[in-house]
Amino acid sequence: MSQRPLTRRAFLTRSAALGCSAAASPLLTPMTFAAAPGDNRLIVIILRGGMDGIGVVRPYGDPAYRALRGHHPMVSDTGPVDLDGFFAIHPALRPLMPLWHAEQLGFVHAVSTPYRDKRSHFDGQDLLEAGTPDLAQGLARDGWLNRMMTTMPGLTTRSAFAIGRDNMAVLSGSAPVSNWSPDSDLQLSPQAMLLAEMVMAEDPLFSAALKEAYGLAGSDGDPVRSLASESEILAEMQQNMLAATRGGTETKIAEFAAQQLRGATRIASFSLNGWDTHAQQYKGLNKALGRLAQVILELKSGLGPVWDKTAIVAMTEFGRTVRLNGSNGTDHGTAGAMIMAGGAIRGGRVVTDWPGLEESALYKRRDLMPTRDVRAHAGWLMRELFGTSVSDLESIIFPGLEMGSNPHLVL
Amino acid sequence: MSFDPDLAEIRFGCGLSPVLAPAKSTKAILAALSGPDDMAARFPIESFETFQGRMLERARQSAIRRKDRGSPASRAATKAIRRLNQTARIDAAGWFGQTLMRRTWTEDGFRERLAHFWGDHFTARGKTGVLRRATSPYIEDAIRPHLTGRFEELLIAAVKHPLFLHYLDQQNSVGPNSAVATRRKKNTGLNENLAREVLELHTLGVDGPYTQQDVRQLAELFTGLTFQIRAGFKFNKHFAEPGAETVLGKEYGGDPARLRDVHAALRDLARHPATARHLCWKLAVHFVSDTPTEALVVAMTRRYDDSRGDLMQVYETLLNHPDAWVPAGNIKQPIDFVSSACRALAVAPELIAGFDERALQLNIIQPMGLMGQIWERPEGPDGWPEEDRQWVTPQGIAARLQWAVAVPQVLRPDLPDPRDFVRTALGTRSSAATAFAAKAAESRADGIGLILASPAFQRQ
């Protein structure tokens with residue numbers, strides 16, 4: 001770059017040239033980063049609000065089930081779908097049945113984090129993401145997925161992505177993590193794009209971040225370069241904010257996750273909200289599960305060949321009461337279900353040591369009894385996907401956990 | 001390096017304003033801070049005491065709802081609770097607007113920055129119901145009145161505050177041999193969370209000279225610190241573990257359990273040399289640099305020790321130390337960024353007062369979330385990160401740039417000429433590149449946006 005003071009005219013002439021080279025610059029595409037260790041991918045979806053495991057993976061073969069939750073015939077095209085003669089899935093997950101038959105969809109049932117009795121979303125999610133045994137000791141400052149990464153060699157900033165607007169505590173910590181909200185656009189006039197690069201060039205930290213931002217924002221569907229007026233750009237920004245509060249941005253998140261995972265990214269995490277079904281839960285669950293099904297299908301189609309190396313796991317902070325409450329909803333409970341999908345998993349089964357639903361078998365006579373720590377399943381998943389050692393899992397990643405026997409969740 | 005009015009306003013205050021002149025000396029900054037809290041009076045935020053009324057009503061309705069689920073009365077209570085939550089949410093957005101206006105119109109910017117710093121040091125947020133909106137009222141009552149006294153007064157005020165006790169799970173911590181535990185047997189126990197965080201975060205620091213045994217003993221000493229919705233803080237001796245506790249080698253308390261023993265332990269912790277070092281380092285990191293010089297931290301620590309934690313004296317040392325004036329300071333947190341932008345734009349109080357919750361959300365609060373700061377919802381009790389790298393991420397920069405280009409036109413319908421604004425916003429810290437961008441931009445909105453997004457404006 002010339003050191004001569006710029007004139008507006010000189011700048012504009014140079015802008016045109018810069019514009020071309022910027023578009024072709026390999027720095028601006030995410031594919032230039034070296035691959036992280038191994039070839040497997042893990043996507044952790046946090047289902048915030050407490051998913052009703054019994055309503056999603058229904059133990060209709062349990063003699064106590066019908067009295068608790070009613071009879072839902074499986075005959076029509078719209079009812080629940082039988083899985084194995086004992087469990088049936090919620091109708092909203094019907095679009096995932098081809099995956100079940102291909103053994104690329106599976107469930108783990110009657111599991112929970114070590115969180116007990118207080119049943120607060122806030123504490124429950126904290127514990128789920130921290131991966132520690134309890135809250136009385138205070139909380140870990142980092143998440144278990146990040147701690148797992150600290151045991152992996154050869155990480156780059158693109159090895160892991162936290163996607164969306166929520167804090168993903170599960171991924172925060174000392175290992176490098178990128179974050180991006182594909183539901184928010186960056187739109188600038190071509191002139192402003194170039195001027196921003198020039199202004200940021202004064203500070204290497206800003207300059208590098210801006211280059212990456214241009215690359216990411218340009219790759220998530222809408223180009224950064226925009227000929228819209230400032231009031232149109234404002235309207236679009238507000239529209240994005242509105243859309244994000246109303247939900248419905250998960251398709252973009254899934255698309256973006258798939259795109260990154262096709263490249264150098266090995267780990268991605270994001271959350272899906274809307275599981276706190278205290279009232280009329282047939283409506284709420286329908287909606288939340290519909291979104292989850294859509295996300296999984298979107299990931300499958302976006303991942304293409306990488307799907308076969310991918311494990312998706314969806315976890316929640318706690319299950320819900322086995323009985324319906326007075327407003328046809330369920331309240332905060334204890335054990336619930338975990339959902340897995342992907343070409344890398346051994347699906348087509350419900351992994352469980354089913355405790356039963358008769359009152360004496362329940363936790364505190366109200367909740368599904370936890371039969372295993374959900375962290376053990378997550379631990380074995382990481383063991384098999386990334387070769388994480390059992391001793392690291394039991395000490396660093398999930399302190400105090402006994403991994404127990406291998407449920408063989410991965411092919 | 002030494003005092004420079006523009007830098008002082010940017011680094012220790014709320015940024016440059018076209019209307020309000022920067023303070024002329026460090027003495028003037030400290031004098032303003034010692035004076036009355038004008039902004040609290042001009043842009044009031046609800047006190048926690050008033051906020052308790054909301055909690056009381058919420059508890060009353062919850063009791064009705066529980067009584068006969070499904071009944072008309074219960075259904076009405078459900079609706080009433082929803083309304084209470086909604087009103088609190090809307091009001092909390094308004095308190096955010098007040099926070100913004102305090103920063104925009106203050107001539108005592110150091111106070112606003114300190115309120116944020118100490119509010120973050122003593123991070124607390126509600127986990128359920130209306131309490132989720134209580135952070136600003138908590139800061140108003142427990143933090144803001146204690147910015148200039150001894151640290152121990154601030155520590156005691158925070159630790160005894162209902163929101164703090166709730167956030168760090170203290171209100172149900174029961175001594176294993178207390179009157180309540182022996183009576184109830186089930187579902188009671190000691191919770192170490194508050195004790196651990198007080199040692200690790202609020203006083204000695206994570207590398208401080210304490211052991212697990214100290215945590216346990218302090219947790220036992222803390223049993224009895226609790227609150228009631230109506231009365232607020234309460235020391236409940238029935239929760240208290242009998243006998244004396246030894247923390248850092250010193251014995252506190254005995255029978256009967258007394259609040260003054262808790263106070264004594266907190267005062268000793270506040271005066272501990274490790275606490276002095278930890279707090280002074282943290283202040284220097286927050287206001288000056290991720291890596292402050294040892295000389296600065298040592299000078300502040302010495303003053304803290306000599307004055308038994310008199311915060312005014314510590315601030316004075318900070319402001320008068322040459323190492324506090326090095327160029328290229330920290331990256332502004334999103335709250336500092338958007339509020340200093342409002343200040344540079346001289347955003348009218350009537351305009352913000354006219355914003356409803358939705359307008360505040362769409363234009364400011366949610367964009368701040370995209371910048372990485374979901375307002376009043378930091379991830380953990382350690383508060384917001386200080387490291388520049390945590391904020392200068394591709395997402396963070398994209399969000400700041402987009403906000404800077406798009407939103408000022410709403411905040412200031414008659415956008416100033418970027419060629420003037422570059423001087424307003426950056427003062428002596430303007431650069432050739434930024435001045436050029438201001439001139440070369442195709443629209444006022446772009447010009448203003450580029451100035452606000454420039455590293456010179458983003459750094460404190």
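Modeller: Let's start with a term: a salt bridge is a side-chain nitrogen of Lys or Arg within 4 Å of a carboxyl oxygen of Asp or Glu. By that rule, the interface of chain A and chain B holds 2 salt bridges. Please keep in mind that this is a predicted model.

Biologist: What makes B:Arg459 and A:Asp203 a salt bridge?

Modeller: Their side chains come to 2.6 Å, N to O. One partner is an Arg and the other an Asp, and the value lies within the 4 Å limit, so the pair qualifies. In general, side chains of opposite charge can pair when their charged atoms come close.

Biologist: Why are residues of chain A and chain B said to be in contact?

Modeller: The test is heavy atoms within 4.5 Å, so the residues that pass are the ones counted. For these chains, 55 residues of chain A meet 61 residues of chain B. Together the two chains bury about 5100 Å², with 62% of it on carbon and sulfur atoms. In chain A, the residues losing the most area to chain B are A:Phe122, A:Arg141 and A:Phe206, together 14% of what that side buries.

Biologist: Which domains does chain B have?

Modeller: The domain assignment gives domain 1 (5-149), domain 2 (166-271) and domain 3 (334-458). Taken over C-alpha atoms, the centres of domain 1 and domain 2 of chain B are 27 Å apart. Even so, 13 residues of domain 1 are in contact with 11 residues of domain 2 in chain B. Those two domains bury about 1000 Å² between them.

Biologist: Why is the pair B:Lys127 and B:Asp169 called a salt bridge?

Modeller: The side chains meet at 2.6 Å, N to O. The rule finds 1 salt bridge across the interface of domain 1 and domain 2 of chain B, along with 6 residue pairs in polar contact. Helix H4 (residues 48-67) of chain B gives the most to the domain 1 side, with 4 residues.

Biologist: How do you know that E3(A) and strand E4 of chain A pair?

Modeller: Pairing needs at least two bridges, and 2 bridges join them, so they count as paired. The two strands run antiparallel. In one of these links, A:Asp82 has A:Ala88 in E4(A) as its bridge partner. The open sheet has the order E2-E4-E3 in chain A, and its edge strands, E2 (57-58) and E3 (81-82), each pair on one side only.

Biologist: What makes A:Glu359 and A:Arg323 a salt bridge?

Modeller: Their closest N and O atoms are 3.3 Å apart, which is within 4 Å, so this Glu and Arg pass too. The pair links distant parts of the chain, 36 residues apart. Over all chains, the structure holds 45 salt bridges.

Notes:
Residues numbered from 1 in each chain as written. Chains lettered and ligands numbered in written order. Predicted model: local features only at pLDDT ≥ 70, side-chain atom pairs only at ≥ 80, totals over all residues. Heavy atoms only, no water. Buried area = accessible area lost by both parts, 1.4 Å probe. Domains from an automatic or database assignment. Polar contact = N/O pair within 3.5 Å; in protein donor to acceptor, adjacent residues only side chain to side chain.
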